[in-house]
Amino acid sequence: MRCHRILVPVDGSTTSSKALGAAFELALQDGGRVRIIHAIDELALVSGYEDMQQVAAAARHLGNKVLGEALAAAKASGVEADIKLVESPGQRLGQTVAAEAEAWDADLVVVGTHGRRGIGRLLLGSGAESVIRLATLPVLVIRGDE
C-alpha cells in the first residue's frame with residue numbers, strides 16, 4: 001500500500017510523538033506528505049466554573065505550540081508536512097480524525113495509543129479505538145512506551 005497522504009493527530013505526548021515519527025518514516029519511503037492535526041473540544045475542557053474564552057484561548061495556544069513543534073520535527077526529518085488546528089465542539093477524537101482524514105483524502109491515519117486496559121480504558125476511553133472504528137481508511141496504531 002502506498003501512503004502519499006498520511007494524517008496524524010498529535011497531542012504533545014510521547015506516544016503521539018512516536019506515531020508522528022512512524023508517519024515520517026512512511027512518508028519518506030513513499031515520497032508522501034503528512035498532515036498533522038491537533039483537535040480541541042472546548043466543551044470537554046470546562047466544568048462550568050471557568051471563563052470559557054480563557055479556556056479556549058489557552059487550548060488554542062497549547063494546540064498551536066504542539067503543532068509548531070511537530071512541524072519543526074517534520075522539516076528536520078525532510079518530510080513535506082502541514083498543520084491544522086481543528087476545533088470540534090462536542091465531537092470525540094475519533095469523529096474529528098475520521099472527518100479530517102476524509103476531507104483531506106488521506107490514504108492512512110497514524111495514531112498513537114497509550115494501551116490502557118481495564119478500568120483506565122473504561123473511564124478514559126480509547127481515542128485510538130474510536131479512530132479505528134470510525135475511519136473509512138486504513139489506520140496504523142503505534143503503541144506508546146507508557
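Let's start with Arg 35, which forms a salt bridge with Asp 82, the closest N and O atoms being 2.8 Å apart. A salt bridge here is a side-chain nitrogen of Lys or Arg within 4 Å of a carboxyl oxygen of Asp or Glu. Arg 35 sits in strand β2 and Asp 82 in strand β3, so the pair ties together parts that are 47 residues apart in sequence. Arg 35 counts as buried, at 17% relative accessibility, and Asp 82 counts as buried too, at 19%. (Buried means under 20% relative accessible area, exposed over 50%, partly exposed in between, with a 1.4 Å probe and protein chains only.)

This is a predicted model: local features need pLDDT of at least 70, side-chain atom pairs count only at pLDDT 80 or more, and totals for chains, interfaces and linings use all residues. Residues are numbered from 1 along each chain as its sequence is written, and side-chain values use heavy atoms, leaving out hydrogens and water.

## Bridges inside a helix

Lys 65 and Glu 69 also meet in a salt bridge (3.5 Å, N to O). Both lie in helix α3, four residues apart, about one turn of the helix. Helices (H or I, at least four residues) and strands (E, at least two) are DSSP runs, numbered from the N terminus. Lys 65 is partly exposed at 48% relative accessibility, and Glu 69 is partly exposed at 47%.

## The sheet

Five strands make an open sheet in the order β3-β2-β1-β4-β5, with parallel pairing. Two strands pair if DSSP finds at least two bridges between them. The edge strands, β3 and β5 (139-143), each pair on one side only. Over in β1 and β4, the parallel pairing runs over two bridges, and Ile 6 stands opposite Leu 108 in β4.

Which residues does Val 8 touch, leaving aside its neighbours within four places in sequence? Its contacts (heavy atoms within 4.5 Å) include Ala 19, Leu 20, Ala 23 and Val 110.
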